[in-house]
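Visitor: Could you walk me through the model shown here, taking its interfaces and charged pairs in turn?

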Amino acid sequence: MKRVKAVLGDDPEIAFAERRYKMIGGILEECLTKTETGMTFSDKLDKVLLNKYLGIPIFLILVWALFQFSIEASGVFMVIIETALVTVGAFFGTLLEGNEMATSLVQDGIFGGFAFILPFLAPIFLMFLGIAWLEDSGYFARAAFVMDKLLRKLGVHGKTFIPMMLGFGCNIPAIMACRSIEGEKDRMISILSNPYISCGARLPVYVLFAAAFFPGFEGSVIFSMYMLGLAVAIFTAWLLRKTLFKGEPEPFIMELPIYRVPTLRESVLHMWERGVVFLKKAGTWLFLGAIILWFMSAFGPAGYLGIDPDVSVSYTGILGGLIQPIFAPLGFDWRLGAALIFAFLAKEIAVESLGIIFAVEGDIAIGGALAGVFSPATAAAFMIFILLYIPCVAAVGTIKSETNSWKWTLFSVVYSIIIAYVIAAIAFALLSAIGLGVIGGA
Amino acid sequence: METKLSDLKSGNIATVTKVAGSGAVKRRIADMGITPGARIEMIRNAPLGDPIEFKVRGYLLTLRRSEAEDVMVSTEVQR
Amino acid sequence: MTVRVALIGNPNVGKSVIFNNLVPGARQHVGNWPGKTVEKKTGKYRYKGEEYELVDLPGCYSLTARAVDELVSRTYILEEKPDVVVDIVDASNVERNLYLTLLLMELETNIVVALNQMDVAKSKGYTIRTEALASRLGVPVVETIATQKVGMEKLKAAIENAAKSPKPASLTYPSDIEDLIEKLVTILSADASLVTHHPARWLAIKLIERDKEVLEMIQETTLDSKIEEVFA
Ligand SMILES: Nc1nc2c(ncn2[C@@H]2O[C@H](COP(=O)(O)OP(=O)(O)OP(=O)(O)O)[C@@H](O)[C@H]2O)c(=O)[nH]1
Ligand SMILES: [Mg+2]
C-alpha cells in the first residue's frame, strides 16, 4: 500500500502546493505566450521610488507634500466659501432685524458656528483627494515595504503603516482596515495605536489656531502636529508590544501591486465617497449642534442672557467651568474646557463651539479674539490635547466593534486622555519657558 | 550551488529547492508561489536593507530577510 | 428563487470593481493595494428575470486563512456554499492567481473564472488563449476589463449558465496523488454525515495537506485509525 510519505515526502503540504503549481505550469504552457516587453512603467518607477538612497527621502517628501497640498491648495476654496457665507449671512441679518433673539440665533449660532466651520471642509476634502491618489497609485504597499525595518525595530509590523496613512483621512475606515493585518496581537496593536493619527476632523482646529497664534508658521505648526500624532501612534504601538502584546511582529509576506495612474474621475469619486461623510455630518450634527450650542451659550439658569453677554454664566460656561480646573495649569479657560467636552462628539465641533461662544460674546473675528484671550503656549497645548484625546464617539464605537471588547475600548479612552494631558503639559511648559506663555506673545 | 534565498544579490536568478520554517508561514510562502522548482529573481533590498523584493511567478513579492532565510535555492539552474 | 453568487479571488484583482459594475448603485470602495475590502458585502442584480445575490469578499491567496479578512472569505465559501463561485483572476498575474482557482475547484462547486485586467496582461506582453484555458480547467472562462466595464454581459450570462449546470469535477492530479486521494475517499465515505457537509475528495486533499481544521473534524469521528494507516 502506497503511503503519503512515499508519494509526497516529509512535507506533504509543501509538496502538494508544488504539485499544484506544476500543474498550473503545464496548463499555461498551452494557454499563455509571453512576449518580452522590456522594463514596464512600474519597474522603472520602482527603480526610483524604492532606490536605496532615494527611497526614504521620497517617502518623506510624499507625506509632506500630502499635507502641503491639502493646506495650501485649500486656501482659495476657503476664501470662496467664506465670501459666499458672508453674503448670505448679511442678507439674513437684514431680514431678521428687530428680533433680538432670532438675530442672535442666526448670526451667532448658525453663522458664527455652523457656517464658520464650513470653509474648513476644504482642507479635509483635499486631504482625502491626496490620500485617494496615494492609495490608487499603488504606493501604499511600497510605503509599508520602505518603513518595515524601522517600524519593526519598534515592534510594529510594516503593514501597520497602511491603516496609519488612511488615518490621516479618517480613523474609522483606518481602524477597519486593520483587519487585513495578520496575527491577533499585531492587529490589536494597529487598532489601538491608530486613533493618534491626526484625521481630517482635527485639521480645522489646527488651521484656526495656527493662523491665530503662529502667523507665518502655519504650515510648519500644522505639519508638526501631524508628526506628533504619528510619533505618539508609533510610541503607543511600541509600548503595547513591550507590555501587553509581547512577542515578535508577524512575518512580512506582501505583494507589491503594479502602479496605476489614477484617473481624475476615480480620484474625485474617491474623495467624494469619503468626504460626503463629513458633509452629511455637517448637514445634520453640526447644524443641529450649532443650534444647541447657541442655546447653551445664550441661555443660562437665569434665562436669556441678552446681547453680547458674559457667556461664562451660560450653560456652556458652567459646563466648561466644571472641567476647567483640571486644565488650568495649561492656561485653558472655561471656553476651551467646553470646546473639549463638545469635541468628543466630533473634533471639528471644537471650532464650531468656539465660534459660537465668541460670536455670542460679540466677537466676529474669532482668530483675533482667541489671540486676545490665550497665550501661544495654551494654544499649542489645546491643539495637542485635541489631537490626542479620545478620537470621537464614532471612532470609539469602531474600536469597540473591531476589538470586540469593552475593556480595550475603555483602555484606549483612558490612555488617550492621560497621554494627551501629559504631552500637552510638557509642550506648555517648554513653550512657556521660551517666552510663549504670555497672551499676545509669539 | 545551494544557498539561502536571503543571500541572493540584486539581479540573481535561482531555483527554489526547499521551503523550511514554521508551519503557517511556510504554507503561506508556498501558497504565494515559492515552491520547490520555482524560478525566483532577487530584485532589491528595501532602502533600509530589509525586507527584500523578489520576482516570482511573474509578480513582485516582498519577504523579510528572516523569512527568506528559510528558503533554500540553487543558483546553478539558469535557463 | 435567488441565485447566490460569490466573488472571490486574490487581493487587488478587481473584485470590488466588478461588484460595483454588476450591482446597480453599488459603491464598494476600490483601491490599489492588497486588502482593501475587509468585510463581505452583499448586493442584488437582475438578469433575464432572475434575481442574483452577489457577495463581494475580501481577497485571499488561499483558503488557509491568516488574517481576519481572509477568514471571512474562507468561511463564506466553505460554510455558506454559494450557488456559483466567480473566481476573479488577474490575467496579468495568472500563474499565481490560478493557484486559488485550483483550490476552489477542489471544492467541486460551480465556478466561473473571470480573467480580469486583460488590458494590463496585454501591456505586459501576455497572450492568453482563453478557450484553451477553459477546456483545460473544465470551467467557463470570461475575459473582462472591469474598469472599462468590458465583458460584464458575458460574465452575467456565464453565471446564469453555471447556476443551471451540473457541478464540474475537480482537476485530476498526477496518478500517484490520485491513488492516495481515492484511498482516503473510500475511508471517509463510511461517515455519511461528514461527506454530506463537505466533498469527500476535498476532505481527502486537506487530510494529505494536514489541514488543522479538517484534522480536528476527523478526530471527532471513528475513522481516525484507518486514516492514520495511509499516513504511517
Ligand atoms: N487596468 C485595470 N485596472 C483594474 C481592472 N480591474 C480593477 N482594476 C484596478 O485594480 C485595483 C484593485 O481593484 P479592487 O476592485 O479594489 O480589487 P479587489 O479585488 O476588490 O481587492 P481587495 O478588496 O483588496 O481584495 C484598483 O485600482 C482598480 O482600479 C482592470 O480590468 N484593468
Ligand atoms: Mg475589494
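Predicted model: local features only at pLDDT ≥ 70, side-chain atom pairs only at ≥ 80, totals over all residues.

Guide: Residues are numbered from 1 along each chain as its sequence is written, chains are lettered from A and ligands numbered from 1 in the order in which they are written, and side-chain values use heavy atoms, with hydrogens and water left out.

Visitor: What is the area buried between chain A and chain C?

Guide: Taking contact as heavy atoms within 4.5 Å, 53 residues of chain A touch 58 residues of chain C. Buried area is the accessible area (1.4 Å probe) that two parts lose on being put together, summed over both. Carbon and sulfur atoms give 59% of this area, and the total is about 5,100 Å².

Visitor: Which residues of chain A lose the most area to chain C?

Guide: On the side of chain A that touches chain C there are 24 nonpolar, nine polar and 20 charged residues, where Ala, Val, Leu, Ile, Met, Phe, Trp, Tyr, Cys and Pro count as nonpolar, Asp, Glu, Lys and Arg as charged, and the others, Gly among them, as polar. Together, the residues that lose the most area account for 14% of what that side buries, and they are Arg20(A), Arg179(A) and Glu255(A).

Visitor: How many residue pairs are in polar contact between chain A and chain C?

Guide: A polar contact is a pair of N or O atoms within 3.5 Å; within protein, one must be able to donate a hydrogen and the other to accept it, and residues adjacent in sequence count only if both atoms are side-chain atoms. With both residues at pLDDT 80 or more, the count between chain A and chain C is 25 residue pairs.

Visitor: Which element gives the largest share of the side of chain A that touches chain C?

Guide: Helices (H or I, at least four residues) and strands (E, at least two) are DSSP runs, numbered from the N terminus. Elements giving two or more residues to this side include helix 1 (4-8), strand 1 (32-34) and helix 14 (264-298) of chain A. The largest share, 15 residues, comes from helix 2 of chain A.

Visitor: Which residue of chain C stands opposite Leu32(A)?

Guide: Two strands pair if DSSP finds at least two bridges between them. Strand 1 of chain A and strand 6 (residues 126-128) of chain C run antiparallel and are joined by three bridges. Within strand 6 of chain C, the residue opposite Leu32(A) is Ile128(C).

Visitor: Which residue of chain C meets the side chain of Arg20(A) in a salt bridge?

Guide: A salt bridge is a side-chain nitrogen of Lys or Arg within 4 Å of a carboxyl oxygen of Asp or Glu, and by this rule seven are found across the interface of chain A and chain C. For Arg20(A), the N to O distance is 3.0 Å, and the partner is Glu209(C).

Visitor: Is Glu209(C) buried or exposed?

Guide: Glu209(C) also forms a salt bridge with Lys206(C), the closest N and O atoms being 3.0 Å apart. Salt bridges that share partners join Glu13(A), Arg20(A), Arg27(B), Asp31(B), Glu106(C), Lys206(C) and Glu209(C) into one network. Buried means under 20% relative accessible area, exposed over 50%, and partly exposed in between (1.4 Å probe, protein chains only). Lys206(C), at 4%, counts as buried, and Glu209(C), at 1% relative accessibility, also counts as buried.

Visitor: Why is helix 9 of chain C described as largely enclosed by the rest of the structure?

Guide: The buried residues of helix 9 include Trp202(C), Lys206(C) and Ile208(C). Just after the helix, Arg210(C) takes a positive phi of about 60°. Helix 9 (residues 200-208) is largely enclosed because its buried residues number nine of the nine.

Visitor: Which residue forms a salt bridge with Arg64(B)?

Guide: Arg64(B) lies in the loop between strand 5 (59-63) and helix 2 (65-68) of chain B, and its partner lies in helix 8 (residues 139-153) of chain A, so the pair joins two chains. Both residues are buried. The closest N and O atoms are 2.7 Å apart, and the partner is Asp148(A).

Visitor: Where is the cis peptide bond that involves Pro51(B)?

Guide: Pro51(B) belongs to the loop between strand 3 (39-45) and strand 4 (52-56) of chain B. With omega near -5°, the cis bond runs from Asp50(B) to Pro51(B).
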